[in-house]
Amino acid sequence: MLYFERWKIVLIVMLCLAGIVYSAPNFVPKSSLEDVPGWLPHKQINLGLDLRGGSYMLLGLDTGSLEKTRLQDLVGEVRDALRDERIPYTGLGIQGDSVVVNVTRAEDVEKAVDAVEGLATTIAANQFSALPESDLAVTADGQRINVAVTEAAKLQRVQAAVEQSIEIVRRRIDELGTTEPVIQRQGADRILVQVPGLEDPQQLKALLGKTAKMNFRLVSNAMSGQQALATRTVPAGTELLYTADEPKVPVLVERRIMVGGDRLVDATPGFDQRTGEPVVNFRFDSIGGRQFGEVTRDNVGRPFAIVLDNEVISAPRINEPIMGGQGQISGSFTVQDATNLAILLRSGALPVDITILEERTVGPGLGADSIRAGEIAAIIGAAAVILFMIASYGFFGILANIALFLNVMMIFAVLSVLQATLTLPGIAGIVLTIGMAVDANVLIYERIREEVAAGKSPIPAIEAGYNKALSSILDANITTLISAAILFQMGSGPVRGFAVTLAIGIVTSVFTAFTVNRLMVSVWFRRRRPKTITL
C-alpha cells in the first residue's frame with residue numbers, strides 16, 4: 001500500500017504542480033497578466049455579480065401574443081392562397097384558436113384544402129427528435145375548412161421567441177464591453193440578465209430597448225472582398241463588410257438596401273421537402289415579399305447578403321426567383337446551423353414585448369465587502385483546521401495541511417480553467433470544502449491509531465488505516481457529491497455556484513487527502529523508516 005510505481009509518482013506530482021501553476025494568476029493583479037504569453041496560464045476566476053458589483057434584471061416575455069399574431073398572419077395567407085387558385089369563399093376569419101373559411105362551391109373543397117395545406121411548413125416535432133412534422137392542421141367539415149396551428153408549432157414558436165430574445169439581449173449587452181454577462185432562460189418565458197461591472201441599470205434598460213439594424217443587400221460583382229481589401233479600392237456604391245463568423249472574411253456588398261429587415265415577419269428552421277436537408281424558412285410581409293420577389297427575379301445567380309449590425313451573417317446564392325414573400329436558405333446546414341441562422345435572422349427586433357419583473361444594482365463596495373468577509377471566513381476556517389490537525393496528529397497533521405493547501409490550489413485551478421463564475425455562495429462552498437478536506441485524513445489517522453493500539457507494527461498499521469478508511473471516505477463524499485449534483489440540476493444562479501465549487505472540492509479533496517497524503521507518508525516512511533508511530 002505504501003509502494004508507488006514511478007509513473008504514478010510522476011503523474012501525482014504533475015497534477016499538483018499544474019494546480020499551483022494554473023491557480024497562480026488569481027493571486028496577482030490582472031494588469032500584470034496582460035504581457036503574459038498566451039501559452040502560459042493567465043486566466044483568472046470570474047467574479048459574480050455579488051462579488052464584483054453590477055446590474056441584475058429578470059425579464060418577462062409576453063409570449064401570449066405569439067399565437068394571436070400567427071393566426072392573424074394565417075388569415076392573410078389563406079386569403080392569398082384561395083385567390084391564387086380562384087376559389088370563391090366567404091366567412092374568412094379567426095374563431096377560437098383557429099382560422100375558418102367557407103368555400104362557396106362544394107366541388108372546390110378538395111382543391112381549397114390542397115391550397116391551404118401548401119401553406120404548411122415542416123418543423124421538428126420536438127427538441128429530442130429531428131422527424132419532420134407539419135406546423136398546420138387542416139380539416140374540412142362539409143364546405144367549412146378549419147386551419148389550426150399544431151401544438152408542436154406553438155411550442156416551437158414560444159421556444160424560438162425566447163431563444164431569439166436571449167440572442168438579441170446578448171448581442172446588445174456585448175456592446176457594453178462587459179465581461180462574462182450571465183444571460184440565461186428561467187422557466188418557460190423569463191430571461192435572467194446579470195451584468196457584472198455595470199453600475200447603471202438605466203444604461204442596460206436603454207440598450208435592451210434599442211432596435212438592431214438588419215437588411216438584405218446584393219453582393220457586388222465588381223470584385224471580390226479579398227480583392228477590394230488587397231487593392232484598398234472600394235468601388236462607388238459599394239461597402240466592404242466582414243462575416244460574423246471567425247475567421248472574418250471580407251465581403252463587398254452594395255450600399256443600396258434591397259429589402260429592409262423590418263419587412264421580415266418570421267424565420268424558422270425546417271427541412272427541405274424534396275431532399276430532407278435542414279433549411280431556414282423565412283417570410284416577409286406583403287411589401288417586403290414584393291420587393292424580395294423583384295430582387296430575386298432580376299438577380300438570379302448572384303449572392304444575396306443578409307447583413308445584421310454591419311456584419312454579413314450569410315450570403316446565399318439566388319438560384320431562382322422567389323415570389324410570394326416566402327423562401328428557403330439552404331447550404332449544407334446541420335440542424336443546429338439552421339437553428340442558429342434562423343435565430344440571427346430574427347434578431348433584428350425583439351419578437352415579443354419585454355417587461356422588467358425585477359431589477360437591482362449591487363455596488364462594487366458591497367462586492368468588495370463580500371470578498372473581504374469571504375477571505376476572513378476562509379482564513380479563520382483554514383487556521384482553525386490547521387491548528388487542530390497539528391495539535392491532534394503532530395507531523396501527520398502537517399502532512400494533512402500540505403494536502404489541504406494543494407486541494408485549495410487545485411480548486412482555484414479548475415475554476416480558472418473552466419472560467420467558472422465565483423459567487424459568495426461559491427466562497428461558502430470552498431470554506432466548507434476546507435473543513436471536509438481533512439475529514440478523510442481524520443478517518444485514516446484514527447484508524448491507524450486503532451491499529452497501532454492493537455499492537456501492529458508501523459507498515460501494517462498504516463496500510464490498514466488507508467485500506468479500511470477508503471470505503472468510509474468514498475461513501476461520505478459520494479453522497480455529498482450526489483447532493484451537489486441535485487443542487488446544480490434543480491437550483492439556479494448562486495445555488496449552482498455553490499454546487500459547482502462543492503463538487504470540485506469533493507473530487508480534489510479525495511485526491512489530495514487520500515492519494516497525495518499517502519504518497520507523502522510513503523516518501524517519509526521510506527526515508528526515516530521509523531520503528532514506532534506517534535499519533
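The model is a predicted one. Its chain contains 15 helices and 21 strands, and of its 535 residues 44% count as buried. Among contacts in the chain with a separation of 6 or more, 69% are made by residues 24 or more positions apart.

**Nonpolar cores**

The largest nonpolar core is made up of 47 residues, and Leu 415, Ile 444 and Tyr 445 are the ones with the most contacts inside it. Two or more residues of this core come from each of helix H1 (6-23), helix H10 (364-393), helix H11 (395-417), helix H12 (424-437), helix H13 (439-453), helix H14 (458-490) and helix H15 (494-528). The greatest contribution is that of H11, which gives twelve residues to this core. Apart from this core lies another one, of 24 residues, which includes Leu 74, Val 101, Val 116 and Leu 136.

Once its neighbours within four places in sequence are left aside, Tyr 445 is in contact with Met 389, Tyr 393, Phe 396, Gly 397, Leu 399, Ala 400, Asn 517 and Leu 535. Tyr 445 also belongs to an aromatic cluster, together with Tyr 393, Phe 395, Phe 396, Trp 524 and Phe 525.

Ala 420 sits in the loop between H11 and strand S21 (421-422). Its relative accessible area is 18%, so Ala 420 is classed as buried, the cut-off being under 20%. Ala 420 and Gly 497 are 77 residues apart in sequence, while their C-alpha atoms are 8.4 Å apart in space.

Strand S16 (residues 278-284) pairs with S19 in the antiparallel sense over four bridges, and the bridge partner of Val 280 in S19 is Ile 329. Strand S19 (residues 326-329) has Gly 327 and Ile 329 on a covered face, whereas Gln 326 and Gln 328 are on an uncovered one. This arrangement can be read against a general rule, by which side chains in a regular strand alternate between the two faces of the sheet.

In the whole structure 15 aromatic pairs are found.

| Aromatic pair | Centre to centre | Angle between planes | Geometry |
|---|---|---|---|
| Phe 282 and Phe 292 | 5.2 Å | 85° | edge-to-face |
| Phe 284 and Phe 292 | 4.9 Å | 40° | tilted |

Phe 282 is buried, with a relative accessible area of 7%, and Phe 292 counts as buried at 3% relative accessibility. In the other pair, Phe 284 and Phe 292 are both buried.

Two cavities of 30 Å³ or more are found in the whole structure, and the largest cavity holds about 230 Å³ of space. This cavity is lined by 17 residues, of which Arg 70, Thr 121, Asp 135, Asp 266 and Thr 268 are the closest to its centre. Helix H3 (64-84), helix H5 (151-174), strand S15 (264-271) and S16 each supply at least two residues of that lining.

The largest pocket has about 1,500 Å³ of space. Its lining consists of 47 residues, and those nearest its centre are Ile 322, Met 323, Gly 325, Gln 326 and Gly 327. At least two lining residues of this pocket come from each of H3, S15, S16, H8, strand S17 (304-308) and S19, and H3 gives the most, with six residues.

**Residues with a positive phi**

Most residues other than glycine have a negative phi. Arg 86, however, has a phi near 55°; Arg 86 lies in the loop between H3 and strand S3 (89-95) and is exposed, with a relative accessible area of 72%. Arg 529 has a positive phi of about 45° although it is not a glycine. Arg 529 is found in the segment after H15, and with a relative accessible area of 56% Arg 529 is exposed.

Notes:
Residues numbered from 1 in each chain as written. Predicted model: local features only at pLDDT ≥ 70, side-chain atom pairs only at ≥ 80, totals over all residues. Heavy atoms only, no water. Core = buried A, V, L, I, M, F, W, Y, C linked by side-chain atoms within 4.5 Å. Buried < 20%, exposed > 50% of the residue type's maximum accessible area, 1.4 Å probe, protein only. Contact = heavy atoms within 4.5 Å. Pairing = 2+ DSSP bridges. Phe/Tyr/Trp six-rings, centres within 6.5 Å; stacked < 30°, edge-to-face > 60°. 1 Å grid on protein atoms, 1.4 Å probe; cavity = no way out; pocket = protein on both sides within 12 Å on 5 of 7 lines; lining within 4 Å. Points joined across faces, edges and corners; volume = space filled by probe spheres on them.
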